[in-house]
Amino acid sequence: MNSVEKRAILGVGGIFALRMIGLFMIVPVFSVYGNDYAHATPFLIGLAVGVYGLGQAIFQIPMSLAADKFPRKPIIMLGLILFAIGGIIAANATDIYEVIIGRALAGSGAVSAVLMALLADVTREEMRTKAMATMGLTIATSIMLAFAFGPLLVGSLGISGLFWLTAGFAFLAMLLLLVVPSPMRVLKHNLDSKSIGQQLSDVLKIGDLNRLHIGIFALHLTMTAIFVILPHQLSEVMGLTVRQQGLVYLPLLFIGFAVAIPFIIIAEKKRKMRQVFLGAIGLMTASLVILALGSQVGIGIILGLLLYFMGFNLLEATIPSWISKRAPVSNKATAMGLNSSSQFFGAFVGGAMGGLLLNQPNLLAWGLLAIIMAASLLLIIPIADPPYLSSTTVTIPKNIDIQDWASQMLAINGVDELVVMAKEQVAYLKLDKTQLTDNARQELSRLVQSPLDI
């Protein structure tokens, strides 16, 4: 990776980590501590956990549509500001409805897809798989840390203190955004002439992307529901306090993470993404069946959670990479926005469902989640392997008009996308090598003032 890509991964990864830790620290403890708020009921507690996902699901698509037409970084900054304000409102809440309002407002800062699209802009095609897999692992690791440290910190900080941490992390993320390069995208087919409806239609027609949306929906529905139900079961079956439960999650999460890494490498390096992806969903289905049948004893809970975390890490790492490969060049943020909306709508449904299942028999609660995951597997099985594309990096000649230079580059047959980072004097070319003639290669070499190995 070059210095631009490393800086982008550091900045975007840090923003994701801060947002995810702030968000998910609340999840494993709120079903217990939420009872301290006025007017709290099991359903409203589950709603407070999941309503963040509803806000994300609603606002992810409009923000992503805007990010395909306008610069991405101002939209990300707006989302982080809303995230911070929502955290402050929840931190000052005295009743459950105020918490729900704060969580919903934080959720309206829906920029996960825009962050992924920004990262895709500033990484070459050959490095994008590694970059997206790194983001997936960053997200999974952040969630692991949040599940572990939320229970450990809530005893000293209280639930309002965790919300204050969320707001503080949002401000740190705003500072990290300054580290990320500011790209100028130049496309052969400009989006300005397309309506919002056409933009959405182009993405929704791609069946494999819709299957990925189903996968992320089921993943986050079950994950959120699990951590509404689980704290009470760990208390009843294993006699653990909320603080002690963090010490259970941490080793299981890291073992699951370590086991998942070799399979993530196989998926990317050996181009076995489909097999690994479907295997992960099957593993998560099996884990929920184990919890349905064996959660009356501690070993059943431990084994079920370990298998679930293995599958969870695999899906979180592979889905962003797959979306970046399969999404249309000009609608990248829109495709990622639909995926993120599916993810957070799943979290909303899972939070509400977890509240409703909280006092139900184990077989019914865990069995329903297993059925949901099994159904998603059946719907996703027809998915095809993602395409594997190519790109190249060029140095922008000095003392030129960049807009005019970019227009000349895009006029060459075989060049589909150009991402310019003027400050770094670097540009990425997305190429269809089957359309590159000898004359096209010579013209490219002339414009970059050096021979190209393409």
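**Entry 1: second largest cavity**

I began with the second largest cavity, where α3 gives the largest share of the lining, four residues. Helices here are DSSP runs (H or I, at least four residues), numbered from the N terminus. I took a cavity to be a set of points on a 1 Å grid over the protein atoms alone, where a 1.4 Å probe fits but cannot get out; lining residues have an atom within 4 Å of a point.

I note that this is a predicted model: local features need pLDDT of at least 70, side-chain atom pairs count only at pLDDT 80 or more, and totals for chains, interfaces and linings use all residues. Residues are numbered from 1 along each chain as its sequence is written, and side-chain values use heavy atoms, with hydrogens and water left out.

The volume of the second largest cavity came out at about 70 Å³, a volume being the space filled by probe spheres set on grid points that are joined across faces, edges and corners. I listed its lining, which includes L23, F24, V49, Y52, R103, T224 and F344. At least two lining residues come from each of α1, α3 and α13. I sorted the lining by class into seven nonpolar, three polar and one charged (Ala, Val, Leu, Ile, Met, Phe, Trp, Tyr, Cys and Pro are nonpolar, Asp, Glu, Lys and Arg charged, and the others, Gly among them, polar).

Where does this second largest cavity lie? It lies between domain 1 (1-181) and domain 2 (207-387), because both give residues to its lining. The domain bounds come from an automatic or database domain assignment.

**Entry 2: α3 against α13**

I then looked up how α3 (residues 42-67) packs on α13 (residues 332-357): the angle is about 170° and the axes are 7 Å apart. The axes are lines fitted to C-alpha atoms over the stretch in contact, and angles run from 0 to 180 degrees between N-to-C directions. The angle therefore makes the two helices roughly antiparallel (over 145 degrees). The contact has 18 nonpolar residues, 12 polar and no charged.

**Entry 3: largest cavity**

I searched the whole structure and found four cavities of 30 Å³ or more. The largest cavity holds about 160 Å³ of space. Its lining has 16 residues, with M116, P320, N339, S340 and Q343 nearest the centre. Two or more lining residues come from each of α1 (3-24), α6 (112-121), α12 (298-326) and α13. I found that α12 gives the most, five residues. By class, this lining has 11 nonpolar, four polar and one charged. Domain 1 and domain 2 each give at least three residues to the lining of the largest cavity.

Conventions: Angles under 35 degrees count as roughly parallel, over 145 as roughly antiparallel, 65 to 115 as roughly perpendicular and the rest as oblique. On a 1 Å grid over the protein atoms alone, a cavity is a set of points where a 1.4 Å probe fits but cannot get out, and a pocket is an open set with protein on both sides within 12 Å along at least five of seven lines; lining residues have an atom within 4 Å of a point.
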